[in-house]
Amino acid sequence: MIVIRALIGWLEGGERPGVEAIEYLERGVKSIPRHPDADELAQRNVYLAGIAELGGDEAAASRLWWDSQRDPEEDRCLLDFQGRTIRAHMGARGLTIGEVAERSQIDTVTPVSLLFGLEESSSRRR
């Protein structure tokens, strides 16, 4: 209750609230459901903007929301599918893990991690 009052006071031109306010807003971000409607999405964006304005890490708070929405079983299925797909493409082209790594200009650990579902594929920037 004190945190909410501090946030309202700040929004009305009062003093900036403490770290507890950022933590409160982060909990608000995590409470938004996995498939938010327009109002819930707007509420999440307000929480994130408040976090950023108070000097918190808006990107980290957004990751908190994404992480809280993840379904481990769904992730496992996706990673297994990804590994099978890569393995099929490698087999069709007769490529070894070393050749994939060399052609992709990445270390050999990354393709192995992808094949065995230990890492999710993503674009990389040099």
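I counted elements first: the protein chain has seven helices and zero strands. Helices here are DSSP runs of H or I with at least four residues, strands are E runs of at least two, and both are numbered from the N terminus. What I have open is a predicted model, where local features need pLDDT of at least 70, side-chain atom pairs count only at pLDDT 80 or more, and totals for chains, interfaces and linings use all residues. Residues are numbered from 1 along each chain as its sequence is written, and side-chain values use heavy atoms, with hydrogens and water left out.

**Whole chain**

I looked up burial: 25% of the 126 residues in the protein chain count as buried (under 20% relative accessible area with a 1.4 Å probe, protein chains only; exposed is over 50%, partly exposed in between). The protein chain exposes about 9,000 Å², and carbon and sulfur atoms supply 55% of that (Shrake-Rupley method, 1.4 Å probe; for residues, only the protein chains shown count as cover). Next came contacts, meaning heavy atoms within 4.5 Å. Among those between residues at least 6 apart in sequence, 50% join residues at least 24 apart.

**Nonpolar core**

Which residues make up the largest nonpolar core? I found 12: Leu7, Trp10, Ala21, Ile22, Leu25, Val29, Ile32, Tyr47, Leu48, Ile51, Leu54 and Ala61.

**Second largest pocket**

I then checked the second largest pocket, which holds about 190 Å³ of space. (On a 1 Å grid over the protein atoms alone, a pocket is an open set of points with protein on both sides within 12 Å along at least five of seven lines; lining residues have an atom within 4 Å of a point. The volume is the space filled by probe spheres set on the points, which are joined across faces, edges and corners.) Its lining is Ile4, Leu7, Ile8, Trp10, Leu11, Tyr24, Leu25, Val46, Tyr47 and Gly50. The elements giving two or more of these are α1 (2-11), α2 (19-30) and α3 (38-53), and α1 gives the largest share, five residues.

**Gln82**

Last, I looked at Gln82, in helix α5 (residues 72-93). Buried or exposed? Gln82 counts as buried, because its relative accessibility is 10%. Leaving out residues up to four places away in sequence, Gln82 touches Leu114, Glu119, Glu120 and Ser121.

Technical notes
On a 1 Å grid over the protein atoms alone, a cavity is a set of points where a 1.4 Å probe fits but cannot get out, and a pocket is an open set with protein on both sides within 12 Å along at least five of seven lines; lining residues have an atom within 4 Å of a point. A nonpolar core is a set of buried Ala, Val, Leu, Ile, Met, Phe, Trp, Tyr and Cys residues joined through side-chain atoms within 4.5 Å.
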